[in-house]
Amino acid sequence: MPTFARANESGSLLSTEEAERRVLILENPGLKGQSKMTNSLFAGLQLLLPGERARSHRHVASAMRFIIEGACAYTAVDGERTMMHPGDFVLTPNWTWHDHGNDGVEPVVWLDGLDMHMVNLFDASFSRNITSLNIP
């Protein structure tokens, strides 16, 4: 049984068409209802099933990923693909186009950390998906 059974269970409950990304939000009980790990950081466990892709997007917040389980997944930043294996730490600078994919045969789970709450403090948060650009 996978270590992160609850995160893996979400794969059978929610498709990527229903929710572009499956993220189990980790919330500090002292900041209940705010989707915060700290006053400045968001944290969540993201799941990508075999063969799935998360389309290219970018956002003002910087992101970090700590890969927990699974192999053969990648994050591509500005087109440069970085393969992800358990124990890897991958950074995504703010406002860079990036996407994720799982070319393996097992689910991949990573810990997402974003500085979005610090960005929100300055009222500067927005994002863009590649499909919102209306590129033929």
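Colleague: Is Glu 80 buried or exposed?

Modeller: Glu 80 counts as exposed, at 59% relative accessibility, where buried means under 20% relative accessible area, exposed over 50% and partly exposed in between, with a 1.4 Å probe and protein chains only. Please keep in mind that this is a predicted model, in which local features need pLDDT of at least 70 and side-chain atom pairs count only at pLDDT 80 or more, while totals for chains, interfaces and linings use all residues. Residues are numbered from 1 along each chain as its sequence is written, and side-chain values use heavy atoms, with hydrogens and water left out.

Colleague: Where is Glu 80, and how many residues separate Glu 80 from His 98 in sequence?

Modeller: Glu 80 belongs to strand E6, residues 80–84, strands being DSSP runs of E with at least two residues and helices runs of H or I with at least four, numbered from the N terminus. Glu 80 and His 98 are 18 residues apart in sequence, and their C-alpha atoms are 8.8 Å apart in space.

Colleague: How many helices and strands are in the chain?

Modeller: The chain has 2 helices and 10 strands, and from the N terminus on the elements run α-β-β-β-β-β-β-β-β-β-α-β. Of the contacts in the chain with a separation of 6 or more, 68% are between residues 24 or more positions apart, a contact being heavy atoms within 4.5 Å.

Colleague: Switching to Gly 101, is that residue buried or exposed, and what does Gly 101 touch?

Modeller: Gly 101, which lies in strand E8, is buried, with a relative accessible area of 0%. Not counting residues up to four places away in sequence, Gly 101 touches Leu 48, Glu 52, Arg 53, Cys 72, Ala 73 and Tyr 74. Glu 52 is 49 residues from Gly 101 in sequence, yet the two are 5.8 Å apart in space, C-alpha to C-alpha.

Colleague: And what is Ala 73 in contact with?

Modeller: Leaving aside neighbours within four places in sequence, Ala 73 is in contact with Thr 82, Met 83, Met 84, Gly 101, Asn 102 and Val 108.

Colleague: Which residues form the largest nonpolar core?

Modeller: The largest nonpolar core has 7 residues, namely Leu 48, Ile 67, Ala 73, Met 84, Val 90, Val 108 and Trp 110, where such a core is a set of buried Ala, Val, Leu, Ile, Met, Phe, Trp, Tyr and Cys residues joined through side-chain atoms within 4.5 Å. Apart from that core lies another, of 6 residues, among them Val 60, Ala 61, Ala 63 and Leu 114. In soluble globular proteins, nonpolar side chains tend to be buried together.

Colleague: What about the largest pocket: which residues lie nearest its centre?

Modeller: Of the 18 residues that line the largest pocket, Phe 42, His 57, His 59, Leu 114 and Met 116 lie nearest its centre. A pocket here is an open set of points on a 1 Å grid over the protein atoms alone where a 1.4 Å probe fits, with protein on both sides within 12 Å along at least five of seven lines, and lining residues have an atom within 4 Å of a point. Strands E2 (42–48), E3 (53–59), E4 (63–69), E8 (98–102) and E9 (108–114) each supply at least two residues of the lining.

Colleague: Which residues other than glycine have a positive phi?

Modeller: Among them are Ser 35, with phi near 55°, and Cys 72, with phi near 70°. Ser 35 is in the loop between strand E1 (22–26) and E2 and counts as partly exposed at 24% relative accessibility. Cys 72 sits in the loop between E4 and strand E5 (73–77), and Cys 72 is also partly exposed, with a relative accessible area of 35%.
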